[in-house]
Amino acid sequence: MPLNVAQKLIKAHLVSGEMNQGNEIGLKIDQTLTQDATGTMVMLELEAMGLERAKTEVSAQYVDHNVIQVDHKNPDDHLFLQSATRRFGLYYSRPGNGVSHPVHMQRLAKPGKTLLGSDSHTCANGCMGMLAMGAGGIDVAMAIAGEPFYVKMPQIWGIKLTGKLADWVSAKDVILELLRRHDVKGGVGKIIEYYGPGLENLSAMDRHVIANMGAELGATTSVFPSDGEIRRFLKEQEREDDWLEILADKGATYDIDEEINLSEVVPLIAKPSSPGNVVPVSSIAGTPIYQSYIGSSANPGYRDFAIVAQIVNGKQIADDISFDINPTSRQLLTDLVQEGHIASLLQSGARLHQAGCNGCIGMGQAPATGRNSLRTTPRNFPGRSGTKEDSVYLCSPETAAVSALTGKITDPRTMDFKYPKVKDPKKPTIDVNLLEEPLPLEKARTFELHKGPNISSIPQMDEMPDHLVIPVLLKMGDNISTDEILAGGARVLPFRSNIPEISKFAFEIIDKTYYKRGMESVSQGGHAIVGGFNYGQGSSREHAALAPRHLGLRVALVKDFARIHWQNLINFGVLPVTFVNVDDYDKISNGDVLEISNLRYNLNQGREFPITIKGKNHLIRVQHALSERHLEIVLKGGLINWIRDKQKNVTNL
């Protein structure tokens, strides 16, 4: 049977299960990616497992999120990460080397390989003909230890690209068009595969932009073929030997078919506060802005910055505008300097920041209260920018640049000068000076982990009781993101390796009393939360499951879950269930007490079981989507307990 690219990649790495939609499959993982906001927990988990050496072909730890050093926490954790990579045999990308996704693409990504990353935008490397997926940190730790990654077999959504982008329209507008059509739930349970003649007009980095924000659609991942353009890119990076052609077979089909004519795409913008709230730029032109922000893994390429530099060259940005330039890699920054683009940006009034994620995750460049921020970043969830009452719009570099000149949201097609043409550097910089290679095993064994005072061990977690009587501490609506469950930013992320401390920030955007009430619930058997559709969308940070679990969360009852957060809840022993009848959501209020009896029997006898709302004489039916392996993990109290018991059983044989 003819296979598409996604099917080829899955088939080549399938170690368990069958490629039937909805079935759990196990995949061999070739490469892993961790970043410093999630990697500290991964390294602590590897230590807890007693890992001797990474068992993947390539594993890389990047320092890109927490690069602001206002006290000892971030630099201490970076020393810990460096010591852990030396001990376990990983690559280490030092602070200032750049954002994990484009750096990985430049230096380590290989067509035909699987990549699992503790960052939801790991899917960006699907642009390279890889099966690249985001996951919780402990799933990545398991992959580093040589274990398969388990996921439900997705549908394959084929998107045929035709035509060519018009002037003033770029790759960011393509993915915004898909979000305009389908919103933030449109890709749930799906792999998006791009194909067709329009690919000839999209560079490797254009494809990165599109694949990156597949995460905002909720997709398992996005996949592009490895064709001549990927060969050209790897040759440019002096890695042509890593190229492998991977194309869909003639006659290959898809579970879902769609087409985007690139010629018809117009400049688009996502209004606050969701990446799916997309409209044409022309429809809100004239809206005043305070900030125009260029950078992030969603627009990380040379062209994305060079086009901005050419648009503002010889001009001045509008009064009172903060024009923020966030280079995505040291290699890119060197090229921009050598080609004179940084000078053009600075002369226009831009502020230049260090290479890293920076304001994308609220680590600096937070906007002023009550002002509009225009950004080329992938997300605009409430509070993600670092300002609680933020108003963030997402757009292309072209729209951000012309709006910086006018001081208001502007359709770039209305400018009175020609669309600049960008030429790539004749010989791009190859910079590996800040990317440390893994040490030989014998030397690695001599290294000890360097732990600063902010690093604490993962708290012990008890098994799931068979009888639960627990209050509902929070009832929430649809599309609750992990940024709302546990914020990022400079206040919170420095505590990523200290669960008791980071738990103090849990759900603070929604309810500031949650931490106190959660702590009180721990000694009383814990609590539940109730939510709507797409609960847990956004970042893959496992802290959004781990912190509430530390505060006594036992059951998450929602209309449906985002994929990665659902898995993270399981990994830390929280039972994720959904309503059989979504109208039952209206029967539950904050403060209601839920009772579940004979939990083990109910979970094992079928998909559905009853929950009683005490005092209301209501019985509601809920359902789970857990495999036999998932059930064992939840009942044991989480993946760490499950692994520990598994190792004990092996030892006792």
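**Entry 1: a salt bridge at D462**

I began with D462, which forms a salt bridge with R554, the closest N and O atoms being 2.6 Å apart. By salt bridge I mean a side-chain nitrogen of Lys or Arg within 4 Å of a carboxyl oxygen of Asp or Glu. The pair links distant parts of the chain, 92 residues apart: D462 sits in the loop between helix 13 and strand 21, and R554 in strand 23. I took helices (H or I, at least four residues) and strands (E, at least two) as DSSP runs, numbered from the N terminus.

Next I looked up accessibility. D462 counts as partly exposed at 42% relative accessibility, whereas R554 counts as buried at 6%. Here buried means under 20% relative accessible area, exposed over 50%, and partly exposed in between, with a 1.4 Å probe and protein chains only.

A note on the source: this is a predicted model, in which local features need pLDDT of at least 70 and side-chain atom pairs count only at pLDDT 80 or more, while totals for chains, interfaces and linings use all residues. Residues are numbered from 1 along each chain as its sequence is written, and side-chain values use heavy atoms, with hydrogens and water left out.

How many salt bridges does a search of the whole structure find? I have 43 in my notes.

I picked K185, which forms one with D560, the closest N and O atoms being 2.8 Å apart. This pair also links distant parts of the chain, 375 residues apart: K185 is in the loop between helix 6 (171-182) and strand 10 (190-195), and D560 is in the loop between strand 23 (553-558) and helix 19 (563-571). K185 is partly exposed, at 31% relative accessibility.

I then turned to K451, whose salt bridge with E47 has its closest N and O atoms 2.9 Å apart. K451 lies in the loop between helix 13 (441-444) and strand 21 (468-475), and E47 in helix 2, 404 residues apart. Both partners are partly exposed, K451 with a relative accessible area of 39% and E47 with 35%.

**Entry 2: helix 2 against helix 3**

Helix 2 (residues 36-49) and helix 3 (residues 73-88) pack at an angle of about 45°, their axes 10 Å apart. I used axes fitted as lines to C-alpha atoms over the stretch in contact, with angles from 0 to 180 degrees between N-to-C directions.
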